[in-house]
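Subject: Structure handover

Hello,

Here is the structure I promised you. Please open it beside this email and follow along.

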Amino acid sequence: MSFKIDRGLFKYDFIDHHAVLCVPVDADVKEIRKRYLQVARRLHPDSSFTETAAQKQLGNELLSKLVNPAYEKLVGDRTRTEYILILSQIGKRLVQESTSVTLNTDLAKQLVEAANVDNFYKTAIAKLAQTQYDSLEQALQVIAQASELNLVYLMRSAGKASAAPPPAQPKVQSGTPQPNTPKNPLPAPTPAPPKEDLIVEQYIRRAQSLIDKNQFAPAKVELQEALKLEPKNSRCHSLIAMVYLRQNQLKMAKIHFDNALKLDPSDETALQWKPKIDKALGQQISDHKVTSSPNNGDKQPDKSGSGGLFGGLFGGKKK
């Protein structure tokens, strides 16, 4: 059975683990664990709900391929933090693309118009959870329906967060003399919208903070969003190159360091690390030639420096 889902958040090349367990996107670990145990008991091959061999096999596949990975992702401190950050970025993207979002279910369409978003959303998710895995053959459709609810909720929540509240008006007490104002005062200037460079700086600051905490996956997401707004920002290219470098993706790091130096030939980080990456990639090619040569005898590639190229670049053992 194929487990491909192409609705809701799954359309954005994203695995919606909350929808797999049918819990709200703001569910805490305790709630997630409780729901997981309910689903696991339902899907386990020894469950009384799975009577036929085909049902047992399908339940076991759903458990091992969807439910267990979802649980592990949502209860681990690091993986959960990265996952929630990516969710928030998707929510911001959905606000910008709201006019092109397609919804298939009535519940999701109703959530778009709901006055009390939180109450409607959580009530709908709880109702879906009651029967989510009653029919194993229909389980993927229910997951897709829950994911559409998650999509709308994220979109509306992100839209609400980005809407600035109106400035408070000073209260005028009776009997208090007011200053004379001209009969035709000039209109107050319209506040300028935030400039893209300011938004990019916010992305960069968040990315730098995440890099300092060794949280490279969410840092890369922040920098990718910044580069969408400002593709010629040398600092962004230099930072994302460092992220790729720490993830041992040397070719991607080289590409972005090259871009950084094209935009700013004095970029210190790129000047420091690009020669090391070039040397490491050259050694990689050399080792491959030595290994693949039919006449190399007993010669082996140089393995000095523990941890491979990544370990060597970041201070592996030296001879």
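This predicted model holds 11 salt bridges.

Start with Glu82 and Arg78. They form a salt bridge, and their closest N and O atoms are 3.1 Å apart. Both residues sit in helix α4, which covers residues 77-96. They are 4 residues apart, or about one turn of the helix. Now look at their surroundings. Glu82 has a relative accessible area of 9%, so it counts as buried. Arg78 is exposed, because its relative accessibility is 53% and the cut-off is over 50%.

Next, find Arg206 and Glu222. Their side chains also meet in a salt bridge, at 3.1 Å from N to O. This pair links distant parts of the chain. Arg206 belongs to helix α8 (residues 196-212), and Glu222 belongs to helix α9 (residues 216-229). The two are 16 residues apart. Glu222 is buried, at 0%.

Then go to Lys254 and Asp258. Here the salt bridge is 3.5 Å, N to O. Both residues lie in helix α11 (residues 250-263). They are 4 residues apart, so about one helical turn separates them. Lys254 is partly exposed, with a relative accessible area of 25%. Asp258 is partly exposed too, at 23%. The pair is part of a network: salt bridges with shared partners join Lys254, Asp258, Lys274 and Asp278.

Now the nonpolar cores. Which residues touch the most other members of the largest core? They are Leu62, Val67, Tyr133 and Ile143, in a core of 55 residues. Several helices each supply at least two residues of this core: α1 (17-21), α2 (29-43), α3 (53-75), α4, α5 (106-113), α6 (117-131) and α7 (139-162). Helix α7 gives the most, with 12 residues.

Click on Leu62 to see its contacts. Leaving out residues up to four places away in sequence, Leu62 touches Phe3, Leu43, Val67, Tyr133, Leu136, Ala139 and Leu140.

Another core lies apart from the largest one. This other core has 30 residues, among them Ile211, Ala226, Cys236 and Leu250.

Best wishes

Terms used: Residues are numbered from 1 along each chain as its sequence is written. This is a predicted model: local features need pLDDT of at least 70, side-chain atom pairs count only at pLDDT 80 or more; totals for chains, interfaces and linings use all residues. Side-chain values use heavy atoms; hydrogens and water are left out. A salt bridge is a side-chain nitrogen of Lys or Arg within 4 Å of a carboxyl oxygen of Asp or Glu. Buried means under 20% relative accessible area, exposed over 50%, partly exposed in between (1.4 Å probe, protein chains only). A nonpolar core is a set of buried Ala, Val, Leu, Ile, Met, Phe, Trp, Tyr and Cys residues joined through side-chain atoms within 4.5 Å. Contact means heavy atoms within 4.5 Å.
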